[in-house]
Amino acid sequence: MNSPVSRRTVTASLLAGAAVLGTAGAAFSVPAAAADRPRRPHRRPDAPTVVLIHGAFADASSWSGVVERLLRQGHRVLAPALPLRGLASDAAYIRSVLDSVTGPIVLVGHSYGGAVISQAAAGARQVEALVYIAAFVPEVGESALQLTDRFPGSTLGQATVTRYYPLPDSGQGAELVIRKDLFREQFAAGVPVETAHVMAAGQRPITLAALQEPATAAAWRDIPSWYLVASEDRNIPPAAERWMAERAGARTVTVRAPHAVSVTDPVPVTDLILRAVRSVRPGH
């Protein structure tokens with residue numbers, strides 16, 4: 001790390017839609033050729049759309065295992081790419097995505113994406129549930145960096161390096177990436193080595209400014225929330241995750257998993273999202 005602040009502990013497009021599967025009627029016959037054709041899922045207009053927001057050092061493909069499971073059950077899913085440039089600008093972009101969706105939304109955020117959804121969902125009437133996956137849940141005035149530093153246990157500061165990029169005003173911005181040789185151990189312990197290499201090669205850097213920027217809204221104060229604690233997380237201390245979940249009054253589950261829990265353990269992640277979905281539309 002090239003500066004004191006970057007040695008501190010810091011954290012971390014799929015676009016898909018689907019619908020509820022139709023059922024075959026028993027009162028009439030279906031031609032053999034038609035019966036052999038795969039059935040298309042039918043969308044139900046009142047079903048919520050699940051919007052998945054990734055965090056730092058990842059991209060929308062980190063939700064692939066979750067998206068596949070949600071689609072198989074007929075849910076509509078959207079997983080946009082997050083710029084990871086600044087909390088206010090990232091939240092404004094995600095808010096524009098939310099505004100494009102018709103009907104109720106279950107909004108899900110991983111890692112830094114939790115801070116983004118907390119801000120983006122403020123005042124968004126269609127967002128009826130928030131789901132945090134090993135994520136930041138800041139209060140107004142708090143930053144991701146402050147929340148990480150509140151508890152010991154993160155090793156991210158030692159695993160990252162700082163890179164610099166040009167700004168429009170001819171200045172320089174600083175962004176963090178995880179060292180490739182430490183990526184699997186730090187971010188996704190348990191995935192096959194080959195998978196970790198692919199994830200490390202395609203990791204999305206996050207600016208230091210985004211991690212230092214204080215939240216200006218806390219939608220979790222008004223919207224029901226769910227939280228998944230990753231007990232083996234090395235980016236965000238698990239103690240911080242439990243504390244944030246309790247403060248938000250979130251319905252909480254704990255999974256023995258690393259920070260990249262949506263990659264290593266998509267089943268419990270999907271199950272928690274479905275709990276939130278059922279709360280929005282009972283019986284779905």
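How many of the chain's residues count as buried? Of the 284 residues, 52% do. Buried means under 20% relative accessible area, exposed means over 50%, and partly exposed lies in between, with a 1.4 Å probe and protein chains only.

A word on the source. This is a predicted model, where local features need pLDDT of at least 70, side-chain atom pairs count only at pLDDT 80 or more, and totals for chains, interfaces and linings use all residues. Residues are numbered from 1 along each chain as its sequence is written, and side-chain values use heavy atoms, with hydrogens and water left out.

Now the surface. The chain exposes about 12600 Å². Carbon and sulfur atoms supply 53% of that area. The areas come from the Shrake-Rupley method with a 1.4 Å probe; for residues, only the protein chains shown count as cover.

Next, secondary structure. The chain has twelve helices and ten strands. These are DSSP runs numbered from the N terminus: helices are H or I, at least four residues, and strands are E, at least two.

Three strands form an open sheet, ordered S6-S7-S8, with antiparallel pairing. Strand S6 (160-166) and strand S8 (206-207) are at the edges, each with a single partner strand, so one side of each lacks a neighbour in the sheet. Two strands pair if DSSP finds at least two bridges between them. S6 and S7 (residues 172-178) are joined by seven bridges. Within that pairing, Val161 stands opposite Val177 in S7.

Last stop, Gly249. Gly249 sits in the loop between helix H10 (238-248) and strand S10 (251-255). Gly249 is exposed, at 53% relative accessible area. Trp226 is 23 residues from Gly249 in sequence, and 8.4 Å from Gly249 in space, C-alpha to C-alpha.
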